[in-house]
Amino acid sequence: MSAEAIIETAGLRRTFKGKGGPVEAVAGVDLSVAAGDIFGFLGPNGAGKTTTLRILATLLPPTAGTACVAGFDVGREPQQVRKRIGYVAQAGGSYREATGREELVIQGRLFGLSKADASARAVEILDSLELTDAADRTCGTYSGGMRRRLNIGIGMVHRPPVLFLDEPTTGLDPQARARMWDEIRKLRETGTTVFLTTHYLEEADALCDRLAIIDHGKIVAEGSPSDLKREISGDVLTIGVNGHGERVVELMAAQPFVREAGLEAGLVRLYVDKGEEAVPHVLRLLDSNGLAPSTMDLHRPSLDDVFLKKTGRSLRETAA
Amino acid sequence: MRTIRDTRLIFERSLTLSLRNPVWVIMGIIQPILYLLLFGPLLTNIARMPGFPPGGAFNVFVPGILVMTALFGSGFVGFGLCDEMREGVVERMVVTPMSRMAMLLGRSLRDVSLLLAQALLLVVLSIPFGLELNVGGVAVGFAMLALIGLMMSPVSYTLALVLKNEESLAPVVNGVAVPLLLLSGVMLPMSLAPEWLQTLARFNPLYHAVAAMRALFNASYGDSEIVFGAALLVILAVVTMTLGARSFSRAAA
(Lines give C-alpha, C1' and ligand atoms only; values in the text may rest on other atoms or scores of the structure.)
Protein backbone atom coordinates (compact mmCIF):
# COMPACT_ATOMS: atom_id res chain seq x y z
CA MET A 1 0.00 0.00 0.00
CA SER A 2 1.60 3.22 -1.17
CA ALA A 3 1.33 6.27 1.05
CA GLU A 4 -0.36 8.56 -1.41
CA ALA A 5 -2.81 6.04 -2.93
CA ILE A 6 -6.26 7.61 -3.09
CA ILE A 7 -8.03 4.58 -4.53
CA GLU A 8 -7.10 1.13 -3.34
CA THR A 9 -8.82 -2.19 -3.89
CA ALA A 10 -7.96 -5.70 -2.77
CA GLY A 11 -9.45 -8.87 -4.19
CA LEU A 12 -12.47 -7.03 -5.52
CA ARG A 13 -15.12 -9.34 -6.95
CA ARG A 14 -18.63 -8.94 -8.23
CA THR A 15 -20.84 -11.78 -9.40
CA PHE A 16 -24.14 -11.34 -11.21
CA LYS A 17 -26.86 -13.89 -11.68
CA GLY A 18 -26.79 -14.86 -15.33
CA LYS A 19 -29.07 -17.09 -17.38
CA GLY A 20 -26.53 -19.89 -17.51
CA GLY A 21 -25.42 -19.54 -13.88
CA PRO A 22 -23.47 -16.85 -12.04
CA VAL A 23 -21.30 -14.52 -14.12
CA GLU A 24 -18.19 -13.06 -12.55
CA ALA A 25 -18.00 -9.52 -13.93
CA VAL A 26 -15.12 -8.52 -11.67
CA ALA A 27 -12.89 -11.44 -10.79
CA GLY A 28 -10.36 -10.29 -8.22
CA VAL A 29 -9.14 -6.78 -8.96
CA ASP A 30 -6.24 -5.27 -7.03
CA LEU A 31 -5.68 -1.65 -7.81
CA SER A 32 -3.78 1.28 -6.45
CA VAL A 33 -4.25 4.75 -7.87
CA ALA A 34 -1.96 7.57 -6.83
CA ALA A 35 -3.47 10.92 -5.89
CA GLY A 36 -3.40 13.42 -8.74
CA ASP A 37 -3.08 10.89 -11.54
CA ILE A 38 -5.27 10.40 -14.53
CA PHE A 39 -5.81 6.68 -14.27
CA GLY A 40 -7.24 4.76 -17.20
CA PHE A 41 -9.12 1.52 -17.08
CA LEU A 42 -8.73 0.06 -20.55
CA GLY A 43 -10.55 -2.97 -21.84
CA PRO A 44 -13.14 -4.24 -24.30
CA ASN A 45 -16.88 -3.92 -23.67
CA GLY A 46 -17.99 -6.34 -21.00
CA ALA A 47 -14.53 -6.63 -19.45
CA GLY A 48 -15.73 -5.41 -16.04
CA LYS A 49 -14.71 -1.74 -16.30
CA THR A 50 -18.08 -0.22 -15.53
CA THR A 51 -18.85 -2.73 -12.79
CA THR A 52 -15.58 -1.89 -11.04
CA LEU A 53 -16.29 1.82 -11.41
CA ARG A 54 -19.77 1.43 -9.96
CA ILE A 55 -18.39 -0.42 -6.95
CA LEU A 56 -15.86 2.37 -6.36
CA ALA A 57 -18.61 4.99 -6.68
CA THR A 58 -20.73 3.24 -3.98
CA LEU A 59 -23.42 2.27 -6.47
CA LEU A 60 -22.86 -1.45 -6.22
CA PRO A 61 -21.72 -3.53 -3.27
CA PRO A 62 -18.85 -5.92 -4.06
CA THR A 63 -19.47 -9.65 -3.69
CA ALA A 64 -16.04 -9.97 -2.08
CA GLY A 65 -12.95 -7.90 -1.43
CA THR A 66 -12.51 -4.33 -0.26
CA ALA A 67 -12.26 -0.93 -1.87
CA CYS A 68 -11.07 2.29 -0.29
CA VAL A 69 -11.68 5.64 -1.94
CA ALA A 70 -10.39 8.96 -0.58
CA GLY A 71 -9.61 7.26 2.72
CA PHE A 72 -12.96 5.52 3.33
CA ASP A 73 -14.24 2.03 2.74
CA VAL A 74 -16.95 2.10 0.06
CA GLY A 75 -19.01 -0.57 1.79
CA ARG A 76 -18.72 0.63 5.39
CA GLU A 77 -18.77 4.40 4.94
CA PRO A 78 -20.43 5.13 1.61
CA GLN A 79 -21.65 8.57 2.75
CA GLN A 80 -18.08 9.68 3.45
CA VAL A 81 -16.99 8.42 0.05
CA ARG A 82 -19.91 10.16 -1.69
CA LYS A 83 -18.88 13.51 -0.24
CA ARG A 84 -15.47 13.14 -1.82
CA ILE A 85 -16.17 11.79 -5.26
CA GLY A 86 -17.74 12.94 -8.48
CA TYR A 87 -19.23 10.32 -10.77
CA VAL A 88 -20.22 10.74 -14.40
CA ALA A 89 -22.05 7.70 -15.73
CA GLN A 90 -22.19 6.68 -19.36
CA ALA A 91 -25.87 7.60 -19.31
CA GLY A 92 -24.79 11.17 -18.53
CA GLY A 93 -26.71 12.60 -15.61
CA SER A 94 -28.19 15.82 -16.95
CA TYR A 95 -31.90 15.83 -17.71
CA ARG A 96 -32.86 17.00 -21.18
CA GLU A 97 -35.71 19.19 -19.96
CA ALA A 98 -33.63 20.99 -17.33
CA THR A 99 -31.25 23.81 -18.23
CA GLY A 100 -27.52 23.49 -17.72
CA ARG A 101 -27.59 26.11 -15.00
CA GLU A 102 -30.46 24.42 -13.15
CA GLU A 103 -28.60 21.12 -13.13
CA LEU A 104 -25.42 22.67 -11.75
CA VAL A 105 -27.26 24.64 -9.09
CA ILE A 106 -29.31 21.73 -7.77
CA GLN A 107 -26.23 19.52 -7.70
CA GLY A 108 -24.42 22.12 -5.60
CA ARG A 109 -27.39 22.44 -3.29
CA LEU A 110 -27.62 18.67 -2.84
CA PHE A 111 -24.02 18.85 -1.64
CA GLY A 112 -25.06 21.42 0.95
CA LEU A 113 -24.17 24.71 -0.76
CA SER A 114 -26.42 27.70 -0.13
CA LYS A 115 -28.47 29.06 -3.01
CA ALA A 116 -26.03 31.94 -3.55
CA ASP A 117 -22.94 29.72 -3.37
CA ALA A 118 -24.45 27.14 -5.68
CA SER A 119 -25.34 29.83 -8.23
CA ALA A 120 -21.86 31.33 -8.06
CA ARG A 121 -20.27 27.92 -8.48
CA ALA A 122 -22.52 27.21 -11.47
CA VAL A 123 -21.41 30.45 -13.15
CA GLU A 124 -17.78 29.51 -12.53
CA ILE A 125 -18.19 26.04 -14.05
CA LEU A 126 -20.24 27.23 -17.02
CA ASP A 127 -17.53 29.75 -17.72
CA SER A 128 -14.64 27.30 -17.49
CA LEU A 129 -16.47 24.82 -19.75
CA GLU A 130 -17.44 27.59 -22.17
CA LEU A 131 -21.11 26.83 -21.72
CA THR A 132 -22.19 30.26 -20.52
CA ASP A 133 -24.09 31.04 -23.71
CA ALA A 134 -26.03 27.79 -23.42
CA ALA A 135 -26.55 28.02 -19.65
CA ASP A 136 -30.26 28.75 -19.79
CA ARG A 137 -31.12 26.41 -22.61
CA THR A 138 -32.44 22.96 -21.82
CA CYS A 139 -29.82 20.20 -22.01
CA GLY A 140 -31.78 18.48 -24.77
CA THR A 141 -30.72 21.25 -27.14
CA TYR A 142 -26.97 20.77 -26.46
CA SER A 143 -24.59 19.07 -28.88
CA GLY A 144 -23.09 15.75 -27.79
CA GLY A 145 -19.83 17.36 -26.76
CA MET A 146 -21.52 20.18 -24.84
CA ARG A 147 -23.72 17.76 -22.94
CA ARG A 148 -20.69 15.64 -21.94
CA ARG A 149 -18.84 18.72 -20.76
CA LEU A 150 -21.85 19.75 -18.69
CA ASN A 151 -22.06 16.26 -17.18
CA ILE A 152 -18.44 16.51 -16.09
CA GLY A 153 -19.20 19.96 -14.70
CA ILE A 154 -22.05 18.48 -12.67
CA GLY A 155 -19.63 15.89 -11.27
CA MET A 156 -17.17 18.65 -10.31
CA VAL A 157 -19.57 21.04 -8.54
CA HIS A 158 -18.41 20.11 -5.03
CA ARG A 159 -14.71 20.06 -6.00
CA PRO A 160 -14.25 16.35 -5.25
CA PRO A 161 -10.67 15.07 -4.92
CA VAL A 162 -11.64 12.03 -7.02
CA LEU A 163 -13.64 12.07 -10.24
CA PHE A 164 -14.93 8.90 -11.93
CA LEU A 165 -15.68 9.11 -15.64
CA ASP A 166 -17.31 6.17 -17.37
CA GLU A 167 -16.39 6.19 -21.08
CA PRO A 168 -16.20 9.99 -21.23
CA THR A 169 -15.71 10.23 -24.99
CA THR A 170 -17.61 7.26 -26.42
CA GLY A 171 -19.62 8.37 -29.41
CA LEU A 172 -18.01 11.80 -29.70
CA ASP A 173 -16.53 13.05 -32.97
CA PRO A 174 -12.74 13.52 -33.03
CA GLN A 175 -12.94 17.26 -32.43
CA ALA A 176 -15.24 16.96 -29.43
CA ARG A 177 -13.05 14.16 -28.11
CA ALA A 178 -9.91 16.30 -28.29
CA ARG A 179 -11.79 19.05 -26.50
CA MET A 180 -12.84 16.62 -23.78
CA TRP A 181 -9.25 15.45 -23.35
CA ASP A 182 -8.24 19.05 -22.75
CA GLU A 183 -10.91 19.42 -20.08
CA ILE A 184 -9.75 16.25 -18.37
CA ARG A 185 -6.12 17.42 -18.44
CA LYS A 186 -7.24 20.70 -16.88
CA LEU A 187 -8.64 18.69 -13.98
CA ARG A 188 -5.24 17.23 -13.31
CA GLU A 189 -3.86 20.74 -12.92
CA THR A 190 -6.31 21.31 -10.06
CA GLY A 191 -4.98 18.19 -8.33
CA THR A 192 -8.07 16.10 -9.00
CA THR A 193 -7.52 12.38 -9.37
CA VAL A 194 -9.37 11.19 -12.46
CA PHE A 195 -10.33 7.54 -12.83
CA LEU A 196 -11.73 6.87 -16.28
CA THR A 197 -12.75 3.86 -18.29
CA THR A 198 -12.23 3.64 -22.01
CA HIS A 199 -12.01 1.14 -24.80
CA TYR A 200 -10.09 3.57 -26.98
CA LEU A 201 -6.38 2.83 -27.15
CA GLU A 202 -5.57 6.33 -28.34
CA GLU A 203 -7.39 7.80 -25.39
CA ALA A 204 -5.58 5.66 -22.85
CA ASP A 205 -2.29 6.49 -24.56
CA ALA A 206 -2.80 10.22 -24.92
CA LEU A 207 -4.50 10.99 -21.65
CA CYS A 208 -3.51 8.62 -18.88
CA ASP A 209 -0.54 8.78 -16.52
CA ARG A 210 -1.12 5.19 -15.60
CA LEU A 211 -3.46 2.54 -16.78
CA ALA A 212 -4.69 -0.92 -16.03
CA ILE A 213 -5.73 -3.24 -18.82
CA ILE A 214 -8.70 -5.37 -17.83
CA ASP A 215 -10.09 -8.42 -19.58
CA HIS A 216 -12.71 -10.89 -18.34
CA GLY A 217 -12.84 -9.15 -14.97
CA LYS A 218 -9.10 -9.44 -14.31
CA ILE A 219 -6.28 -6.96 -14.63
CA VAL A 220 -3.81 -8.30 -17.15
CA ALA A 221 -1.31 -5.44 -17.15
CA GLU A 222 -0.70 -2.24 -15.25
CA GLY A 223 1.70 0.66 -15.64
CA SER A 224 2.25 3.88 -17.52
CA PRO A 225 1.49 3.68 -21.26
CA SER A 226 5.17 3.96 -22.11
CA ASP A 227 6.20 1.31 -19.57
CA LEU A 228 3.63 -1.06 -20.94
CA LYS A 229 4.79 -0.52 -24.49
CA ARG A 230 8.42 -0.89 -23.47
CA GLU A 231 7.61 -4.37 -22.18
CA ILE A 232 7.29 -5.22 -25.83
CA SER A 233 10.77 -4.18 -26.82
CA GLY A 234 11.64 -3.61 -30.44
CA ASP A 235 9.17 -3.26 -33.28
CA VAL A 236 6.17 -5.07 -34.58
CA LEU A 237 6.12 -6.36 -38.15
CA THR A 238 2.88 -7.67 -39.59
CA ILE A 239 2.86 -9.56 -42.87
CA GLY A 240 0.02 -10.74 -45.05
CA VAL A 241 0.96 -14.07 -46.63
CA ASN A 242 -2.19 -15.31 -48.43
CA GLY A 243 -3.00 -18.27 -46.23
CA HIS A 244 0.55 -19.50 -45.71
CA GLY A 245 0.55 -18.16 -42.16
CA GLU A 246 1.47 -21.32 -40.31
CA ARG A 247 4.42 -22.02 -42.57
CA VAL A 248 5.73 -18.47 -42.35
CA VAL A 249 5.45 -18.41 -38.57
CA GLU A 250 7.41 -21.65 -38.37
CA LEU A 251 10.04 -20.28 -40.71
CA MET A 252 10.38 -16.93 -38.92
CA ALA A 253 10.37 -18.30 -35.38
CA ALA A 254 13.62 -20.05 -36.22
CA GLN A 255 15.38 -16.80 -37.14
CA PRO A 256 17.71 -15.22 -34.57
CA PHE A 257 16.46 -11.67 -35.18
CA VAL A 258 12.86 -12.63 -34.40
CA ARG A 259 11.95 -12.52 -30.70
CA GLU A 260 8.50 -13.89 -31.14
CA ALA A 261 6.26 -14.90 -34.01
CA GLY A 262 2.54 -15.50 -34.05
CA LEU A 263 -0.58 -15.54 -36.16
CA GLU A 264 -3.33 -13.02 -35.57
CA ALA A 265 -6.42 -12.69 -37.76
CA GLY A 266 -4.61 -14.26 -40.74
CA LEU A 267 -1.62 -11.95 -40.39
CA VAL A 268 1.83 -13.03 -39.27
CA ARG A 269 3.07 -10.87 -36.40
CA LEU A 270 6.75 -10.68 -35.69
CA TYR A 271 8.30 -8.96 -32.69
CA VAL A 272 11.75 -7.90 -33.83
CA ASP A 273 14.58 -5.85 -32.32
CA LYS A 274 15.25 -3.54 -35.25
CA GLY A 275 12.41 -3.37 -37.71
CA GLU A 276 14.23 -1.54 -40.48
CA GLU A 277 16.94 -4.23 -40.57
CA ALA A 278 14.49 -7.10 -40.29
CA VAL A 279 12.42 -6.14 -43.33
CA PRO A 280 15.04 -7.04 -46.00
CA HIS A 281 15.86 -10.29 -44.14
CA VAL A 282 12.22 -11.26 -44.08
CA LEU A 283 11.70 -10.43 -47.74
CA ARG A 284 14.70 -12.50 -48.79
CA LEU A 285 13.61 -15.44 -46.66
CA LEU A 286 10.10 -15.39 -48.06
CA ASP A 287 11.41 -15.14 -51.60
CA SER A 288 13.84 -18.03 -51.22
CA ASN A 289 10.97 -20.18 -49.93
CA GLY A 290 8.78 -19.28 -52.85
CA LEU A 291 6.43 -17.13 -50.78
CA ALA A 292 5.28 -13.64 -51.71
CA PRO A 293 3.91 -11.26 -49.07
CA SER A 294 0.68 -9.45 -49.96
CA THR A 295 1.08 -6.72 -47.32
CA MET A 296 3.70 -5.63 -44.86
CA ASP A 297 3.46 -3.16 -42.01
CA LEU A 298 6.11 -2.04 -39.54
CA HIS A 299 5.20 -0.08 -36.44
CA ARG A 300 6.30 0.81 -32.94
CA PRO A 301 4.46 -1.26 -30.34
CA SER A 302 1.07 0.20 -29.45
CA LEU A 303 -1.17 -0.50 -26.48
CA ASP A 304 -3.05 -2.82 -28.79
CA ASP A 305 0.10 -4.92 -29.09
CA VAL A 306 0.27 -4.98 -25.30
CA PHE A 307 -3.34 -6.08 -25.12
CA LEU A 308 -2.80 -8.68 -27.80
CA LYS A 309 0.23 -10.07 -26.09
CA LYS A 310 -1.52 -10.31 -22.70
CA THR A 311 -4.85 -11.67 -23.88
CA GLY A 312 -4.19 -13.22 -27.28
CA ARG A 313 -6.87 -10.96 -28.79
CA SER A 314 -6.80 -7.58 -30.42
CA LEU A 315 -8.65 -4.82 -28.60
CA ARG A 316 -9.53 -3.17 -31.89
CA GLU A 317 -11.51 -6.22 -32.90
CA THR A 318 -13.16 -6.88 -29.54
CA ALA A 319 -14.11 -3.23 -29.17
CA ALA A 320 -15.69 -2.97 -32.58
CA MET B 1 -32.72 18.75 8.77
CA ARG B 2 -31.12 17.20 5.75
CA THR B 3 -34.19 15.21 4.65
CA ILE B 4 -36.51 18.22 4.77
CA ARG B 5 -34.05 20.43 2.90
CA ASP B 6 -33.40 17.81 0.22
CA THR B 7 -37.11 17.05 -0.08
CA ARG B 8 -37.79 20.71 -0.79
CA LEU B 9 -35.03 20.81 -3.40
CA ILE B 10 -36.35 17.74 -5.23
CA PHE B 11 -39.94 18.95 -4.90
CA GLU B 12 -39.09 22.31 -6.48
CA ARG B 13 -37.01 20.77 -9.21
CA SER B 14 -39.58 18.18 -10.20
CA LEU B 15 -42.49 20.63 -10.05
CA THR B 16 -40.61 23.08 -12.27
CA LEU B 17 -39.87 20.31 -14.78
CA SER B 18 -43.49 19.04 -14.72
CA LEU B 19 -44.88 22.50 -15.37
CA ARG B 20 -42.37 23.13 -18.13
CA ASN B 21 -43.77 20.21 -20.09
CA PRO B 22 -47.22 19.63 -18.62
CA VAL B 23 -48.36 17.00 -21.12
CA TRP B 24 -48.88 14.38 -18.37
CA VAL B 25 -50.73 16.81 -16.16
CA ILE B 26 -53.10 17.68 -19.00
CA MET B 27 -53.58 14.07 -20.08
CA GLY B 28 -54.32 13.15 -16.48
CA ILE B 29 -57.18 15.61 -16.28
CA ILE B 30 -58.79 14.95 -19.66
CA GLN B 31 -60.03 11.46 -18.81
CA PRO B 32 -61.86 12.42 -15.60
CA ILE B 33 -63.40 15.41 -17.35
CA LEU B 34 -64.72 13.08 -20.05
CA TYR B 35 -66.23 10.84 -17.37
CA LEU B 36 -67.82 13.88 -15.83
CA LEU B 37 -69.32 15.06 -19.12
CA LEU B 38 -70.21 11.78 -20.81
CA PHE B 39 -70.83 9.34 -17.96
CA GLY B 40 -72.08 11.57 -15.13
CA PRO B 41 -75.42 12.41 -16.78
CA LEU B 42 -76.28 8.68 -16.90
CA LEU B 43 -76.30 8.59 -13.14
CA THR B 44 -79.05 11.10 -12.61
CA ASN B 45 -81.61 8.42 -13.46
CA ILE B 46 -79.80 5.52 -11.81
CA ALA B 47 -79.63 7.51 -8.58
CA ARG B 48 -83.36 6.91 -8.13
CA MET B 49 -82.88 3.11 -8.11
CA PRO B 50 -83.16 1.22 -4.84
CA GLY B 51 -79.76 0.46 -3.29
CA PHE B 52 -78.18 3.71 -4.47
CA PRO B 53 -76.56 5.47 -1.57
CA PRO B 54 -78.07 8.69 -0.23
CA GLY B 55 -77.07 12.05 -1.68
CA GLY B 56 -77.38 13.59 -5.13
CA ALA B 57 -75.96 11.68 -8.11
CA PHE B 58 -72.95 13.96 -8.42
CA ASN B 59 -72.18 13.89 -4.72
CA VAL B 60 -71.83 10.12 -5.15
CA PHE B 61 -70.11 10.25 -8.52
CA VAL B 62 -67.53 13.04 -8.09
CA PRO B 63 -65.72 11.52 -5.08
CA GLY B 64 -65.34 8.33 -7.11
CA ILE B 65 -63.95 10.20 -10.10
CA LEU B 66 -61.49 11.97 -7.82
CA VAL B 67 -60.26 8.67 -6.39
CA MET B 68 -59.91 7.34 -9.94
CA THR B 69 -57.85 10.38 -10.90
CA ALA B 70 -55.65 9.86 -7.86
CA LEU B 71 -55.23 6.16 -8.58
CA PHE B 72 -54.28 6.52 -12.22
CA GLY B 73 -52.44 9.81 -11.86
CA SER B 74 -50.21 8.46 -9.09
CA GLY B 75 -50.04 5.02 -10.66
CA PHE B 76 -48.26 6.32 -13.73
CA VAL B 77 -45.76 8.71 -12.10
CA GLY B 78 -43.12 6.01 -12.54
CA PHE B 79 -43.07 6.80 -16.25
CA GLY B 80 -41.30 10.08 -15.59
CA LEU B 81 -38.81 8.29 -13.38
CA CYS B 82 -37.99 5.78 -16.14
CA ASP B 83 -37.17 8.75 -18.34
CA GLU B 84 -34.90 10.25 -15.67
CA MET B 85 -33.19 6.90 -15.12
CA ARG B 86 -32.43 6.55 -18.80
CA GLU B 87 -30.63 9.88 -18.75
CA GLY B 88 -28.65 8.90 -15.66
CA VAL B 89 -30.32 11.44 -13.36
CA VAL B 90 -31.23 8.92 -10.67
CA GLU B 91 -27.77 7.37 -10.64
CA ARG B 92 -26.18 10.81 -10.45
CA MET B 93 -28.25 11.68 -7.39
CA VAL B 94 -27.72 8.34 -5.68
CA VAL B 95 -23.97 9.07 -5.75
CA THR B 96 -24.51 12.31 -3.81
CA PRO B 97 -24.87 12.19 -0.02
CA MET B 98 -28.49 13.41 -0.31
CA SER B 99 -31.32 11.80 1.63
CA ARG B 100 -32.82 8.75 -0.07
CA MET B 101 -36.22 9.52 1.46
CA ALA B 102 -36.06 12.98 -0.12
CA MET B 103 -35.59 11.47 -3.60
CA LEU B 104 -38.96 9.80 -3.14
CA LEU B 105 -40.80 12.31 -0.97
CA GLY B 106 -39.86 15.32 -3.09
CA ARG B 107 -41.30 13.64 -6.17
CA SER B 108 -44.38 12.27 -4.37
CA LEU B 109 -45.23 15.70 -2.95
CA ARG B 110 -44.98 17.12 -6.47
CA ASP B 111 -47.40 14.40 -7.63
CA VAL B 112 -49.79 15.20 -4.79
CA SER B 113 -49.69 18.93 -5.57
CA LEU B 114 -50.56 18.33 -9.20
CA LEU B 115 -53.26 15.86 -8.16
CA LEU B 116 -54.89 18.38 -5.83
CA ALA B 117 -54.83 21.02 -8.57
CA GLN B 118 -56.59 18.58 -10.90
CA ALA B 119 -59.08 17.68 -8.17
CA LEU B 120 -59.90 21.32 -7.56
CA LEU B 121 -60.61 21.85 -11.24
CA LEU B 122 -62.87 18.78 -11.33
CA VAL B 123 -64.83 19.88 -8.28
CA VAL B 124 -65.37 23.35 -9.71
CA LEU B 125 -66.47 21.88 -13.06
CA SER B 126 -68.94 19.57 -11.25
CA ILE B 127 -70.85 22.35 -9.53
CA PRO B 128 -72.93 23.28 -12.61
CA PHE B 129 -73.83 19.57 -12.99
CA GLY B 130 -75.42 19.59 -9.57
CA LEU B 131 -72.63 18.84 -7.08
CA GLU B 132 -73.76 20.08 -3.70
CA LEU B 133 -70.67 21.72 -2.22
CA ASN B 134 -69.91 21.02 1.45
CA VAL B 135 -66.68 22.95 1.81
CA GLY B 136 -65.52 21.30 5.02
CA GLY B 137 -66.17 17.80 3.70
CA VAL B 138 -64.48 18.54 0.38
CA ALA B 139 -61.43 19.93 2.19
CA VAL B 140 -61.05 16.79 4.30
CA GLY B 141 -61.73 14.76 1.16
CA PHE B 142 -58.76 16.47 -0.51
CA ALA B 143 -56.60 15.43 2.41
CA MET B 144 -57.68 11.85 1.75
CA LEU B 145 -56.82 12.25 -1.92
CA ALA B 146 -53.37 13.44 -0.87
CA LEU B 147 -53.01 10.28 1.21
CA ILE B 148 -54.01 8.13 -1.76
CA GLY B 149 -51.31 9.92 -3.79
CA LEU B 150 -48.73 9.38 -1.06
CA MET B 151 -49.68 5.71 -0.93
CA MET B 152 -49.73 5.04 -4.68
CA SER B 153 -46.86 7.10 -6.08
CA PRO B 154 -44.16 5.21 -4.10
CA VAL B 155 -45.61 1.99 -5.53
CA SER B 156 -45.23 3.36 -9.04
CA TYR B 157 -41.70 4.65 -8.37
CA THR B 158 -40.65 1.36 -6.83
CA LEU B 159 -41.96 -0.55 -9.83
CA ALA B 160 -40.16 1.88 -12.14
CA LEU B 161 -36.87 1.41 -10.27
CA VAL B 162 -37.20 -2.35 -10.60
CA LEU B 163 -38.56 -2.61 -14.14
CA LYS B 164 -36.55 0.36 -15.52
CA ASN B 165 -38.64 1.03 -18.66
CA GLU B 166 -42.12 2.18 -19.61
CA GLU B 167 -42.89 -0.88 -21.74
CA SER B 168 -42.66 -3.18 -18.72
CA LEU B 169 -44.16 -0.68 -16.30
CA ALA B 170 -47.42 0.04 -18.16
CA PRO B 171 -48.93 -3.47 -18.01
CA VAL B 172 -47.93 -3.93 -14.37
CA VAL B 173 -49.47 -0.62 -13.32
CA ASN B 174 -52.63 -1.42 -15.26
CA GLY B 175 -52.73 -4.88 -13.75
CA VAL B 176 -52.71 -3.36 -10.28
CA ALA B 177 -54.83 -0.27 -10.88
CA VAL B 178 -57.73 -1.70 -12.90
CA PRO B 179 -58.84 -4.34 -10.32
CA LEU B 180 -58.39 -1.78 -7.55
CA LEU B 181 -60.59 0.59 -9.51
CA LEU B 182 -63.31 -1.93 -10.33
CA LEU B 183 -63.46 -3.14 -6.74
CA SER B 184 -63.69 0.33 -5.27
CA GLY B 185 -67.20 1.24 -6.42
CA VAL B 186 -65.95 4.30 -8.28
CA MET B 187 -68.26 3.97 -11.27
CA LEU B 188 -71.34 2.59 -9.59
CA PRO B 189 -71.77 2.17 -5.83
CA MET B 190 -70.80 -1.24 -4.54
CA SER B 191 -74.14 -1.38 -2.75
CA LEU B 192 -75.58 -2.38 -6.13
CA ALA B 193 -73.19 -5.35 -6.34
CA PRO B 194 -73.93 -8.99 -5.39
CA GLU B 195 -72.84 -10.13 -1.96
CA TRP B 196 -69.59 -11.88 -3.00
CA LEU B 197 -68.39 -8.83 -4.94
CA GLN B 198 -69.09 -6.62 -1.95
CA THR B 199 -67.12 -8.96 0.29
CA LEU B 200 -64.19 -8.88 -2.12
CA ALA B 201 -64.33 -5.08 -2.31
CA ARG B 202 -63.99 -4.75 1.46
CA PHE B 203 -60.37 -5.94 1.13
CA ASN B 204 -59.61 -3.04 -1.17
CA PRO B 205 -58.37 0.03 0.69
CA LEU B 206 -59.68 2.24 -2.11
CA TYR B 207 -63.21 0.92 -1.50
CA HIS B 208 -63.00 2.41 1.97
CA ALA B 209 -61.42 5.57 0.63
CA VAL B 210 -64.30 6.04 -1.81
CA ALA B 211 -66.87 5.35 0.91
CA ALA B 212 -65.18 7.87 3.19
CA MET B 213 -64.97 10.48 0.42
CA ARG B 214 -68.67 10.05 -0.37
CA ALA B 215 -69.58 10.48 3.28
CA LEU B 216 -67.49 13.64 3.40
CA PHE B 217 -68.98 15.06 0.20
CA ASN B 218 -72.47 14.37 1.61
CA ALA B 219 -71.58 16.00 4.93
CA SER B 220 -72.31 12.73 6.77
CA TYR B 221 -69.42 13.46 9.09
CA GLY B 222 -70.47 10.80 11.60
CA ASP B 223 -69.85 7.97 9.12
CA SER B 224 -67.37 5.48 10.61
CA GLU B 225 -65.83 4.91 7.15
CA ILE B 226 -64.16 8.34 7.36
CA VAL B 227 -61.92 7.53 10.30
CA PHE B 228 -61.41 3.95 9.16
CA GLY B 229 -60.52 4.96 5.58
CA ALA B 230 -58.15 7.72 6.71
CA ALA B 231 -56.37 5.47 9.20
CA LEU B 232 -56.00 2.74 6.59
CA LEU B 233 -54.54 5.18 4.07
CA VAL B 234 -52.09 6.64 6.60
CA ILE B 235 -50.80 3.18 7.51
CA LEU B 236 -50.46 2.12 3.88
CA ALA B 237 -48.78 5.38 2.89
CA VAL B 238 -46.20 4.95 5.64
CA VAL B 239 -45.52 1.40 4.44
CA THR B 240 -45.18 2.27 0.74
CA MET B 241 -43.07 5.36 1.53
CA THR B 242 -40.65 3.32 3.61
CA LEU B 243 -40.34 0.63 0.96
CA GLY B 244 -40.06 3.25 -1.79
CA ALA B 245 -37.23 5.12 -0.07
CA ARG B 246 -35.42 1.83 0.33
CA SER B 247 -35.75 1.12 -3.38
CA PHE B 248 -34.13 4.47 -4.12
CA SER B 249 -31.12 3.64 -1.99
CA ARG B 250 -30.80 0.39 -3.93
CA ALA B 251 -31.75 2.11 -7.16
CA ALA B 252 -28.41 1.78 -8.75
CA ALA B 253 -27.51 -1.77 -7.79
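**Pockets, cavities and one arginine**

Mentor: Helix H2(B) contributes the most to the lining of the largest pocket, with seven residues. Helices and strands here are DSSP runs numbered from the N terminus (H or I, at least four residues, for helices; E, at least two, for strands). This is a predicted model, in which local features need pLDDT of at least 70, side-chain atom pairs count only at pLDDT 80 or more, and totals for chains, interfaces and linings use all residues. Residues are numbered from 1 along each chain as its sequence is written, chains are lettered from A and ligands numbered from 1 in the order in which they are written, and side-chain values use heavy atoms, with hydrogens and water left out.

Trainee: What volume does the largest pocket have?

Mentor: Its volume is about 910 Å³. Its lining has 37 residues, and the closest to its centre are Trp24(B), Val25(B), Phe76(B), Val77(B) and Gly80(B). On a 1 Å grid over the protein atoms alone, a pocket is an open set of points with protein on both sides within 12 Å along at least five of seven lines, a cavity is a set where a 1.4 Å probe fits but cannot get out, and lining residues have an atom within 4 Å of a point. Grid points are joined across faces, edges and corners, and a volume is the space filled by probe spheres set on the points.

Trainee: And how many cavities of 30 Å³ or more are there?

Mentor: There are three. The largest cavity has a volume of about 90 Å³. Of its 16 lining residues, the closest to the centre are Tyr87(A), Gln107(A), Ile154(A), Gly155(A) and Arg92(B). Strand S6 (85–88) and helix H5 (144–156) of chain A each give two or more residues to that lining, and S6(A) has the largest share, with four.

Trainee: Changing topic: is Arg107(B) buried or exposed?

Mentor: Arg107(B), in helix H6 of chain B, is buried, with a relative accessible area of 3%. Buried means under 20% relative accessible area, exposed over 50%, and partly exposed in between (1.4 Å probe, protein chains only).

Trainee: Which residues is Arg107(B) in contact with?

Mentor: Leaving aside neighbours within four places in sequence, Arg107(B) is in contact with Ile10(B), Ser14(B), Leu81(B), Glu84(B), Ala102(B), Tyr157(B) and Phe248(B). Contact means heavy atoms within 4.5 Å.

Trainee: Lastly, what does chain A contain in the way of helices and strands?

Mentor: Chain A has 12 helices and 14 strands. Of its 320 residues, 53% count as buried.
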